[in-house]
Amino acid sequence: MKEKIKLALAQISCKQANKTENIKKIEKIVTKAKSQAAELVIFPELSLTGYVVRDQIYELAETIPGPSTNILENIARKTKTHIVFGMPEVSEKTHATLYNTAVLVGPKGFIGKYRKMYLPTHSVFEEKRYFRPGYQTVAFDTELGKIGLIICYDIFFPEVSRLTRLEGAQLIVCISASPAVRRMFFETLTVARAMENAAFLAYVNLVGIEDGLQFWGGSRLIGPQGKILAKAKYDEEDLVIGEVDYADIRPVEAFVPTLKDIRPELFDKLKESAEKL
Amino acid sequence: MKLIPSVLDLDWSEIDTRVTRFIKDYFDKSKTKGIVVSLSGGIDSCTVAVLSALAIGGDKVVGLMLPEKETYNAQDVKHARLVAEKFGFKTEMIDITSTLEAFYKSIPIFDPSDGICKGNIKARTRMIYVYYYANRFKMLVCGSSDKSETMMGYFTKWGDIAADISPIMDLYKTQVRKLAHHIGVPKEIIAKPSSPTLWPGQLAEKELGIKYEQLDLILYGIEHFLKTEEIAKQLNVEKELIDKLKHRWLSTEHKRRTLLTAKIEYRTVGADFRLTRNPY
């Protein structure tokens with residue numbers, strides 16, 4: 001496993017419901033990021049289709065692996081990069097059970113996927129109408145280190161990042177489609193999740209306007225000490241390269257030992273209280 | 001949450017950017033050739049016309065002035081022209097008096113003493129003119145309804161509310177005033193009392209029975225899920241006033257929604273056919 005890696009925050013806007021155009025853009029940007037020495041290129045939540053696709057999602061969703069992930073795998077092979085992107089997934093066992101999924105592919109093909117656990121269904125969000133929540137956090141062993149995946153609203157629930165970290169993830173990738181009115185929450189929570197877990201956190205948000213929703217961008221790489229190591233522009237497409245040095249984790253983990261000090265018995269209490277809420 | 005005037009303060013530079021970006025994005029995606037605004041010379045329409053000009057360039061924006069003899073106000077016309085000149089967009093003026101009179105004459109049951117019914121004809125007639133221009137020249141209609149009036153149902157159904165986009169509909173009237181000031185709408189336009197100009201002497205605050213400064217704080221409280229009692233207590237007003245405004249807000253929802261039909265089939269237009277707003 002590498003001690004240092006370079007990753008690209010690929011902050012793009014998407015064409016709503018147009019997978020062909022979005023894949024073209026992804027390929028172009030992966031190639032550009034590779035030319036800047038990026039080994040991992042991260043795209044936003046539902047970057048294959050755009051975020052606001054409403055009922056068209058039933059036509060757009062695919063199995064994973066499936067046709068679009070095959071194309072992305074080929075791009076990863078060809079460019080010798082790892083790629084994280086988001087897409088609507090349809091279950092192999094049913095015809096209309098969908099998930100909001102993050103996919104990780106690499107030079108050797110498909111690595112893994114994560115199904116979003118917390119689906120916002122309030123304000124302008126209607127994710128539970130379409131998606132079934134996931135039930136499993138993930139951390140994948142890769143040549144770029146142990147990489148965990150979470151999606152957008154999951155970051156409001158510290159247990160998702162914590163579980164991902166406890167599965168061994170040293171780099172937590174959070175792909176997102178966050179509209180501008182939520183910016184303050186994400187700017188705070190991304191830093192908090194990195195610090196409390198003594199991990200790197202790469203947050204990649206969508207930009208552009210979909211049905212009046214303006215996505216604010218502001219993608220960033222945060223170090224385990226909470227420092228913003230790389231940051232993309234607000235509101236505009238951007239491609240920013242950041243470096244992860246896993247050696248930075250140990251001093252932080254020793255200085256503020258949040259993982260060593262975890263009290264498992266509190267989680268039983270948390271479960272009890274949450275059930276009675 | 002404290003209901004004080006500063007809660008309505010926003011970063012006006014950021015709002016300006018967000019609204020103009022919204023207009024430009026929709027305009028670009030729609031592949032139309034311009035924007036037409038029904039330009040009364042009041043704060044809302046002047047602000048929207050200016051934002052449109054800032055977003056896509058004044059050469060692609062037309063302010064259509066549609067006065068009629070009963071409510072003709074030379075100052076409004078002057079203001080409309082002033083703002084157009086300052087921000088470099090075009091204006092055209094059509095006197096709609098003869099069209100309105102033809103309507104009045106042709107309706108057998110027309111009652112001139114019913115000001116609301118008659119006023120609505122004016123708003124809907126203006127809509128027809130604006131949409132004719134939009135169709136004829138492949139333009140978008142940009143509406144100028146604000147949040148205070150929209151929430152209160154203080155508009156004509158299928159009239160002044162009719163538009164392809166409504167860029168300031170999420171800003172209360174007092175916020176529109178601040179945005180207008182930020183983008184350079186002349187002070188005299190911002191300062192004059194609002195009026196839908198459907199009949200002579202009509203004033204929005206008089207008709208609504210409340211000053212916008214107070215109305216906006218009440219609506220802000222409603223928007224932020226505050227209970228009636230809490231809003232009344234904080235603003236030191238009678239609970240009955242909040243109840244009355246809440247009733248007005250709830251009972252006018254039919255004016256803000258797409259058509260309602262009886263649910264019969266699998267998926268129904270306006271109900272559970274949930275599609276993206278595809279402007280192209």
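**View 1. Surroundings of A:A202 in the predicted model.**

**View 2. The largest nonpolar core.** This core holds 84 residues, and the members that touch the most others are A:I42, A:V84 and A:A202. Strand β4 of chain A, residues 98–106, contributes six residues, the most to this core. In soluble globular proteins, nonpolar side chains tend to be buried together.

**View 3. A six-stranded sheet in chain A.** The sheet is open, its pairing is mixed, and its strands follow the order β5-β4-β3-β2-β1-β14. At the edges are β5 (109–115) and β14 (238–245) of chain A, each of which pairs on one side only. From one strand to the next, the twist averages 30°.

**View 4. Pairing of β1 and β14 in chain A.** Strand β1, residues 4–11 of chain A, runs antiparallel to β14(A), and eight bridges link the pair. Within this pairing, A:L7 stands opposite A:G242 of β14(A). Strands of a sheet pair through backbone hydrogen bonds, either parallel or antiparallel.

**View 5. Contact between chains A and B.** Chain A supplies twelve residues to the contact and chain B nine. On the side of chain A that touches chain B, five residues are nonpolar, four are polar and three are charged.

Technical notes: Residues are numbered from 1 along each chain as its sequence is written. Chains are lettered from A and ligands numbered from 1 in the order in which they are written. This is a predicted model: local features need pLDDT of at least 70, side-chain atom pairs count only at pLDDT 80 or more; totals for chains, interfaces and linings use all residues. Two residues are in contact if their C-beta atoms, placed from the backbone, lie within 7 Å. Ala, Val, Leu, Ile, Met, Phe, Trp, Tyr, Cys and Pro count as nonpolar, Asp, Glu, Lys and Arg as charged, and the others, Gly among them, as polar. A nonpolar core is a set of buried Ala, Val, Leu, Ile, Met, Phe, Trp, Tyr and Cys residues joined through C-beta atoms within 7 Å. A residue is buried if 20 or more other C-beta atoms lie within 10 Å of its own, exposed if 12 or fewer, and partly exposed in between; C-beta atoms are placed from the backbone. Helices (H or I, at least four residues) and strands (E, at least two) are DSSP runs, numbered from the N terminus. Two strands pair if DSSP finds at least two bridges between them. Axes are lines fitted to C-alpha atoms, for helices over the stretch in contact, and angles run from 0 to 180 degrees between N-to-C directions.
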